[in-house]
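Here are a few notes to read alongside the structure. Keep the viewer open and look up each residue as you go.

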Amino acid sequence: MRVALGIEYNGANYSGWQRQNHVSSVQEEIEKALSNICNHPVEITCAGRTDAGVHATGQLVHFDTDSARDMSAFTLGMNSQLPDDIAVRFAKEVDPEFHARFSATARRYRYVIYNHTYRPGILRSGVTHFHHELDVERMKAACPVMIGEQDFTSFRAVHCQSNTPFRNIHHLEVKRIGKYIVIDIKANAFLHHMVRNITGCLLDIGVGKQEPEWMAELLVAKDRTLASATAKPNGLYLVDVDYPEQWQIEKMPLGPLFLPEELV
């Protein structure tokens with residue numbers, strides 16, 4: 001049978017999602033626990049690979065197994081074997097044609113900034129600290145030009161392996177809640193470092209280093225070297241993945257969990 005799992009994790013202690021030699025990864029930990037549950041080697045496929053230090057509250061994976069197991073084995077059983085910073089939120093048997101990556105129609109990320117003079121202690125790995133005062137209205141004014149299907153060359157990593165720089169951003173919103181600023185972005189897919197590069201530009205606009213109109217100039221320029229530095233990974237969360245209704249994939253509550261209810 002093919003099974004889909006909803007996964008959340010704190011990426012601070014991992015070298016990213018993808019399994020790699022000689023370093024720890026989220027994929028490796030999940031596959032190790034699943035292999036124990038199923039009594040055979042298991043390989044999983046995810047909706048979106050996250051970089052080192054990036055978190056997820058809405059990651060989705062699928063895997064195949066010949067072992068007859070109740071779904072509780074993939075929730076309670078898995079959570080008893082996984083490290084404390086990785087958890088399964090739901091398990092569901094799905095159609096054999098379902099694919100965690102290729103069946104997805106959109107991914108949604110949130111980037112959480114702690115905008116305060118002094119650094120945080122408790123949420124150090126879960127937010128990005130920015131000590132200069134940010135003007136959210138300036139950041140908001142830069143967002144509308146990014147909506148729609150466009151060439152995002154200026155916002156892709158130099159070593160991005162995608163065949164095309166075109167992506168379709170469905171929404172890009174900025175909201176302040178006290179000392180927290182949340183950048184919420186949804187697109188059909190993302191280029192490597194695209195969210196963090198957009199965030200870096202919004203930070204420069206918010207602090208007054210650049211004007212909001214600069215975002216439009218970057219889009220036209222199609223030159224990564226003209227844009228801002230890549231924002232740090234620790235404030236970034238994969239919070240949701242969209243699938244057509246035919247697959248009947250459960251919707252997980254949007255995170256991260258420490259955000260106020262008015263945003264979540």
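1. Start at Ser-25, where a polar atom of the side chain lies 3.1 Å from the backbone nitrogen of Glu-28. Please keep in mind as you look that this is a predicted model. Ser-25 sits in the loop between strand E1 (2-9) and helix H1 (26-38).

2. Is Ser-25 buried or exposed? Its relative accessibility is 0%, and buried means under 20%, so Ser-25 counts as buried. To see what surrounds Ser-25, set aside its neighbours within four places in sequence: Ser-25 is then in contact with Tyr-14, Gly-16, Trp-17, Gln-18, Arg-19 and Gln-20.

3. Next, find Tyr-109, which belongs to strand E5 (residues 106-114). In UniProt, an unreviewed entry places the feature "binding site" at Tyr-109. Tyr-109 has 9% relative accessibility, so this residue is also classed as buried.

4. Which residues does Tyr-109 touch, not counting those up to four places away in sequence? The list includes Ile-183, Asp-184 and Ile-185, as well as Leu-236, Tyr-237, Leu-238 and Val-239. Thr-50, Ile-183, Phe-190 and Val-195 are also among the residues touched by Tyr-109.

5. Now follow E5 across to strand E9. The two strands run antiparallel and are joined by eight bridges. One place to look is Arg-110, which stands opposite Asp-184 in E9. As a rule to remember, side chains in a regular strand alternate between the two faces of the sheet.

6. Stay with E9 (residues 180-187) for a moment. How many of its eight residues are buried? Seven are, so to speak, tucked away, and E9 is mostly covered.

7. E9 also pairs with strand E8 (residues 166-177): eight bridges join E8 to E9, and these strands run antiparallel. Ile-177 has Tyr-180 in E9 as its bridge partner. E8 and E9 form a hairpin with two residues between them. In the turn, look for Gly-178, which has a positive phi of about 65°.

8. Finish with a pair of helices, H4 (residues 194-206) and H5 (residues 214-221). Their axes come within 11 Å and cross at roughly 145°, and the crossing is right-handed. From H4, the contact is made by Ile-198, Cys-201, Leu-202, Asp-204 and Ile-205. On the H5 side, Trp-214, Met-215 and Leu-218 take part.

Technical notes:
Residues are numbered from 1 along each chain as its sequence is written. This is a predicted model: local features need pLDDT of at least 70, side-chain atom pairs count only at pLDDT 80 or more; totals for chains, interfaces and linings use all residues. Side-chain values use heavy atoms; hydrogens and water are left out. UniProt positions are given in the numbering used here, feature names are shortened, and annotations may be inferred rather than shown by experiment. Helices (H or I, at least four residues) and strands (E, at least two) are DSSP runs, numbered from the N terminus. Buried means under 20% relative accessible area, exposed over 50%, partly exposed in between (1.4 Å probe, protein chains only). Contact means heavy atoms within 4.5 Å. Two strands pair if DSSP finds at least two bridges between them. A polar contact is a pair of N or O atoms within 3.5 Å; within protein, one must be able to donate a hydrogen and the other to accept it, and residues adjacent in sequence count only if both atoms are side-chain atoms. Axes are lines fitted to C-alpha atoms, for helices over the stretch in contact, and angles run from 0 to 180 degrees between N-to-C directions. A crossing is left-handed if the near helix is turned anticlockwise from the far one by less than a right angle, and right-handed if clockwise.
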